[in-house]
Amino acid sequence: MNLFSFARFGAVLFKEFVQMRRDRVTFGMMIGIPIMQLLLFGFAINSDPKHLPTLVEMADDGPIARAVVMGMQTSDYFDFIGIVTSQQEGDRALREGSANFVLVVPPNFERDVVRGLNPDILLSADASDPAAASGAVAAMSGIIDTAIADVLTGPLQYTAGAPPPFSITVHRQYNAEGKTSTNIVPGLLAIILSMTMVMITAVAIVRETEKGTMEALIATPVRPAEVMLGKIIPYVLVGYVQTFVFLIAARFLFDVPFIGSRLAFFLGFNLYIIVNLALGFLISTVAKSQMQAMQISFFTLLPTILLSGFMFPFAGMPGWAQVIGTTIPATHFLRLTRKVMLKGAALPDISGDMLAISIIMLVVVVIALRRYRQTLD
Amino acid sequence: MTTEAELAIAVSGLTKRFGDRTVVDSFDMEVPKGAIYGFLGPNGSGKTTTIRMMCGLLIPDGGSGQCLGYDILTEPQQIKEHVGYMTQRFSLYEDLTIRENLDFMARMYRMKDRRSKVQKALADLGLSDRADQLAGTLSGGWKQRLSLAACLLHDPQLLLLDEPTAGVDPKARRDFWDEIRRLSAAGVTVLVSTHYMDEAIQCDYIAYIAYGKKLISGPAREIPRIIGLTTWRVEGPEISKLEAELRRTEGVDQVARFGAVLHVSGTNAKALDRVAAEQQKRKTHKWQKKDAELEEAFIYLMAGATDNFLTPAVPG
């Protein structure tokens, strides 16, 4: 009888539900995180991305070349977004990330086909993200076969059904071996910094208010700026150490190259650290306890991992998910890091990403400062 | 009347609202320099908020005033330089050592002879040999002494103590008050909020606040007269029985027991005198009129007070 009392068990059960209901942040997380995961994994993530932005350099626009372009377009894998006139132009687009592919049709392509010289069409792919490129590349030969069936008439009739009278050469740029680690490792820096910087800052600030030490602190003549800077700078240094360790590991453990401008990287990662600290500061104005600060930080981490292009190709996500992804600082820092490390980008190549991070930072800082004023009282 | 220069604190019309709740409502107070000023009132009555407004931690929504000659609205920075504020909760860093905590506070005030000041504070506390112990490992009484030492480092002219002895044992409380009186004698003004009678009676002045409004204030001696209490001292056999009977009697507002003696008080002197006359006819107990003292006044004030939380203290 006395071994298990249902009355006592019921009381504990009831108390637990009451407490669960009172802690709104935890309750929100329990409901919110699964819904968010469901929506993101179910709708936003696509490991076989289509509609990848593609440029074309047409040195010859005969019927066969046009048929190839048409076929690629109708396959849904490629979205032709424009024409380039030189190799440099195409390379720049790949490096900046404004296009994933550049299709190059060589001069006299049509004539060489007719002559049976088996000319080459070049498909330059940005393989820094192997997952984004592989599906489209794999689909290429099928696309070509169907596309050119109708145009192989007259003197070329005999080639129908046989392998096409020209070849496609795929040039995987920036990651010739298609190694996943080459793509993941630079992206990981964005995630690591985001995870630690946001959470540590939020928790460190909330700890002072939760423990009551903030009250004694602001009763002294200390100025808010002195407190904020004094509390945040140590974590900036932590970010430096993390980045340093990361770069060493990337180079010697994973053999990931670093071919771009060090200055560009340095400026970019400082900006990124600042935006994350600002975000942590913003969370600290919302959270009432260290526990809540942790939970909210974790809540922001989920879209950072899933929608930034870190785990899944950004281009493969539907429009709405890309819009959300654009508001996440990690999205831009991730691009910046990949460009600098893998594609050899310099400062001008990353100016767009820097601008995007700056805008996000401005918004976060404005909201955080407005909230900070309210919570001082 | 005291002049401006003799007042450590002079505020009038102080008002603070949190949302649509008025926590402090047109509060006036004058604290003479060098005085120990007791601040009484039930929980949630606005004592902490008032203290925070006086030292520049909160900006009042209405009213004005000066603290140590500095405007509380425009010169909080100067006020903070000269005020020592001891919070209700232990608010030093539990994960720093005793010495590190004191050193940190000294640096907040940019003190020049920091090292020697900290050393002296440690010696005064009797903690020199435990200076490298974490503050979080100290007992309640020691934490409170450390807190006081920390807010005395910069030699403040005014001490604001928010329920400094809550949860501290009686011996430590007495030691604490010895220290307060010593500071007061040295010219430091002390404003202290408290729930305890033995602390209230040590104050030179008393203010009583409820629901954010100041109800009574004045020199401690005059408080019973201000309330208008009449008190009779009653002695005799079976005192508990009489106590129960008197509690039900009209005209008796309060029966306080001190050992075998009852102090019977009321605000209506005539009604109480009639009760006394009636009781004296029985000749069972010895009834003696006495001057109402601060003890009776304190019990009277605290008995009429209920916790002033308009909204339940449950989040959400």
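Predicted model: local features only at pLDDT ≥ 70, side-chain atom pairs only at ≥ 80, totals over all residues.
## Chain B as a whole

Chain B contains 11 helices and 14 strands. Its C-alpha trace extends over about 75 × 45 × 45 Å along the principal axes. Of the 316 residues in chain B, 50% are buried. Where contacts in chain B join residues at least 6 apart in sequence, 69% of them are between residues at least 24 apart.

The accessible surface of chain B is about 15,100 Å², and carbon and sulfur atoms account for 50% of that surface. The charged side chains of chain B number 41 positive and 42 negative. The centres of these two sets are 2 Å apart.

The size of an interface is often expressed as the accessible area lost when the parts come together. For chain A and chain B, about 1,800 Å² is buried between them. Carbon and sulfur atoms contribute 57% of this buried area. On the chain A side 18 residues take part in the contact, and on the chain B side 23 residues do.

Between chain A and chain B the count is 1 salt bridge. A salt bridge joins A:Glu215 to B:Arg52, with 2.8 Å between the closest N and O atoms.

## A buried serine in chain A

A:Ser194 lies in helix α7 of chain A, which covers residues 180–211. With a relative accessible area of 8%, A:Ser194 falls under the 20% limit and is therefore buried. Leaving aside residues up to four places away in sequence, the residues that A:Ser194 touches are A:Met199, A:Tyr272, A:Asn276 and A:Thr304.

## Salt bridges within chain B

Over all chains, the structure holds 31 salt bridges. One of them pairs B:Arg257 with B:Glu243, whose closest N and O atoms are 3.6 Å apart. This pair links distant parts of the chain, 14 residues apart: B:Arg257 belongs to strand β12 (residues 254–258) of chain B, and B:Glu243 to helix α9 (residues 239–247) of chain B. B:Arg257 is partly exposed, at 39% relative accessibility, while B:Glu243 is buried, at 13%.

B:Glu278 and B:Lys281 also form a salt bridge, with a distance of 3.8 Å between the closest N and O atoms. Both residues are in helix α10 (residues 269–282) of chain B; they are 3 residues apart, so about one helical turn separates them. B:Glu278 and B:Lys281 are both exposed.

## A further pair and a network

The side chains of B:Glu293 and B:Lys290 form a salt bridge, at 3.6 Å from N to O. B:Glu293 has 41% relative accessibility and counts as partly exposed. B:Lys290, at 19%, counts as buried because the limit for that class is under 20%.

Salt bridges also connect B:Arg173, B:Asp198 and B:Glu199 in a network.

Definitions and conventions:
Residues numbered from 1 in each chain as written. Chains lettered and ligands numbered in written order. Heavy atoms only, no water. Helix = DSSP H or I, 4+ residues; strand = E, 2+ residues; numbered from the N terminus. Buried < 20%, exposed > 50% of the residue type's maximum accessible area, 1.4 Å probe, protein only. Contact = heavy atoms within 4.5 Å. Areas by Shrake-Rupley, 256 points an atom, 1.4 Å probe, with all protein chains shown as cover. Lys, Arg positive; Asp, Glu negative; His and termini not counted. Charge placed at Lys NZ, Arg CZ, Asp CG, Glu CD. Buried area = accessible area lost by both parts, 1.4 Å probe. Salt bridge = Lys/Arg side-chain N within 4 Å of Asp/Glu carboxyl O.
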